[in-house]
Amino acid sequence: MSKGSSFLPFVFIVLVIGITLISWTIYNIYYGSSYQSLVFEESKLDTMRNEMEKIKGFSRQSLIYSSHQSLTEHAVASGMMTEAGPWICNGADPPSVADTVECLEKYTEYHVNAYLRNYSTEVPIELNIQNFSEAEFDVTESDVLSGAHDEGEMYVVLRDAKIGMSSREIEMSDLINIETEIDKNRFWYMYRIFTEWAETNMFGDGICSCASSCGDCACAENVAQESLFDLQNRFDMFVICDSQIKCCTNEHGDICGESGCEDWIQDVCFDPCGFECTDPNLIFEGPNVTNLTSYGEMPEDKLSLQAAGCHAYIPIENRLASVYTFRCIDYKYYVPTTSGPKELMFSVDAFGTFYDLDGCITEEPCTGFGCTPSSGCSSCTPPCPNYTCTA
Amino acid sequence: MRAVIDEWLNFIIIIFLVLVVLLFFTAESSLRGAEVSQTLRGRALDESASLALNSLFNNRLERVDKTYIEIMTDAALENRDFVFYGADVGLVRTREIIEPMFDSYLGEGNWRLDIYTYNGNVTYGTLSSREKTFAYSSDIPVPPNLIGKVVLHV
């Protein structure tokens, strides 16, 4: 009896301990695994949130680079991609701010989406990025022309990219719009100064004067140098300009005309006017100035004036066409390029092509019967009856 | 006498079992504590590394008006740790801005940051590449329309 009574409490205690251990284990298996999955899910959510933040940061940085990239491309291509005509086409013809902005937006959107297409992640999630559908430069003509964007200070907005992420248990998506400020880029400063310079039309008027005063390509070169001097003086000390001849031609046409300076339509030395924003190329080759080709100057006019006692002044049509590239480089702020920050280069063409029916005047001796000049379209001076013509 | 010995034996077995149970619970708690602590430390490390990486995209150097990642990328494109931004802004030494920031986030000597572009790579920080580290990386845009990488080792 005494042995049995001492054994029972022992069994009871062992049972209690056993049940406690089993309950503990079951509880832990259930609670532990749910806790584990909760932690796992939380950390996966964290990872996805971090990835989302990374993509936003990446997109914002892409927007900064893409904006600078577009501005650099447009600056080197006369402010317009890619069919950019001269800013002086006999008269002033710069592209409008609205057209330039529209083209900038198109290229910026293209570049940002190109960056995004290359984005990848090492996190084991499925990533689906839908392109930005719109880029917007907050730039107006009045702001540009008043100098408000001379130092950059423009906001660029990207809209409506959709980022989707999914793993086995979790899905996450976000519609992102990004806005950033582009600073320290003087594209619009150079645009403004070039526009003001083009509006004075010193180059076009100068070529017209050359055509009207029997000028040739040397005269055109002088006009280009004077225009360059005027352009350079409009910029501050951080900008250095130069000019290069693309083409010049000079001809003499009909004689005896009397008209003033007119536009000369020809196709020898021709730069098509007007601007068109073409679609971006798939490969960006970086800022590069178009190789300038010099066509050389036409042979100088061989007409020589003849001194004669009795002579006639005979008008000859003078034709002059000239295309110059004016290029200015801003050393104040460097902008991103493929090989690190470099100076911003803005390049503009100027095109002048004129003829004047009496642009050149030649003297001819009055010879022969009736005392008329050989060309026969001008009266002799002094009049023949009072003057004996020399042979 | 035998009954007394049995009682004592039972008592010792019960004490032993209670001790085993107590030890089991203690070991279990310690293990759980270690796991939780490791998880928390892991998450804290993830957070601080992600924060540090994201701050490269968000922090701007006022004088230059550019993000840190842009300055680092521009320098790496020239394969060096400084970059010239024109006559007005002048020279920016990237080590002088990156290293103090990461030292304050992660502690001096506890990190290394490698930036890779197609034109050059630059390494910041003093953590040896031979040490066992955790690596956190992020893609970065590199003009023109290309991708580079920034890798943080902690």
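**A close look at His149(A)**

Mentor: Start with one polar contact: a polar atom of the His149(A) side chain lies 3.3 Å from the backbone oxygen of Glu153(A). (A polar contact is a pair of N or O atoms within 3.5 Å; within protein, one must be able to donate a hydrogen and the other to accept it, and residues adjacent in sequence count only if both atoms are side-chain atoms.) Before we go on, some ground rules: residues are numbered from 1 along each chain as its sequence is written, while chains are lettered from A and ligands numbered from 1 in the order in which they are written. The model is predicted, so local features need pLDDT of at least 70, side-chain atom pairs count only at pLDDT 80 or more, and totals for chains, interfaces and linings use all residues; side-chain values use heavy atoms, with hydrogens and water left out.

So where are we? His149(A) is in the loop between H3 and E6 of chain A. Glu153(A) is in that loop too, between helix H3 (141-146) and strand E6 (154-166). (Helices, H or I with at least four residues, and strands, E with at least two, are DSSP runs numbered from the N terminus.) His149(A) is buried, with a relative accessible area of 5%. Glu153(A), on the other hand, counts as partly exposed at 43%. (Buried means under 20% relative accessible area, exposed over 50%, partly exposed in between, with a 1.4 Å probe and protein chains only.) The backbone of Glu153(A) has a phi near 45°, a positive value in a residue other than glycine.

Now look around the histidine. Leaving aside neighbours within four places in sequence, the contacts of His149(A) include Asp138(A), Asp143(A), Met154(A), Asn185(A), Trp188(A) and Tyr189(A). (Contact means heavy atoms within 4.5 Å.)

Follow Trp188(A) and you reach the largest nonpolar core, which has 70 residues; Trp188(A), Phe194(A) and Phe235(A) are among those with the most contacts inside it. This core lies between domain 1 (40-71 + 95-187) and domain 2 (188-365) of chain A, because both give residues to it. (A nonpolar core is a set of buried Ala, Val, Leu, Ile, Met, Phe, Trp, Tyr and Cys residues joined through side-chain atoms within 4.5 Å, and the domain bounds come from an automatic or database domain assignment.) Not counting residues up to four places away in sequence, Phe194(A) touches several residues, including Trp87(A), Phe235(A) and Phe346(A). Apart from this core lies another one, of 35 residues, with Tyr85(B) and Met101(B) among them.

How do the two domains meet? The C-alpha centres of domain 1 and domain 2 of chain A lie 40 Å apart. Where they touch, 26 residues of domain 1 are in contact with 24 residues of domain 2. The two bury about 2,400 Å² between them, with carbon and sulfur atoms giving 63% of it. Tyr110(A), Arg186(A) and Phe187(A) supply 33% of the area that domain 1 buries against domain 2, more than any other three residues. (Buried area is the accessible area, with a 1.4 Å probe, that two parts lose on being put together, summed over both.)

There are also four salt bridges across this domain interface. In one salt bridge, the side chains of Arg186(A) and Asp236(A) meet at 2.8 Å, N to O. (A salt bridge is a side-chain nitrogen of Lys or Arg within 4 Å of a carboxyl oxygen of Asp or Glu.) On the domain 1 side, helix H1 (2-76), helix H2 (97-117) and H3 of chain A each supply at least two residues that touch domain 2. H2(A) gives the most to that side, with nine residues.

Stepping back, chain A has six helices and 14 strands, and 48% of its 391 residues count as buried.

Finally, chain A has a partner. The contact takes 51 residues from chain A and 52 from chain B. Together the chains bury about 4,400 Å², 57% of it on carbon and sulfur atoms. Arg43(B), Pro141(B) and Asn145(B) supply 14% of the area that chain B buries against chain A, more than any other three residues. Three salt bridges cross this interface. Glu78(B) and Lys342(A) meet through their side chains in a salt bridge of 3.9 Å, N to O. Of the side of chain B that touches chain A, H1(B) gives the most, with 19 residues.
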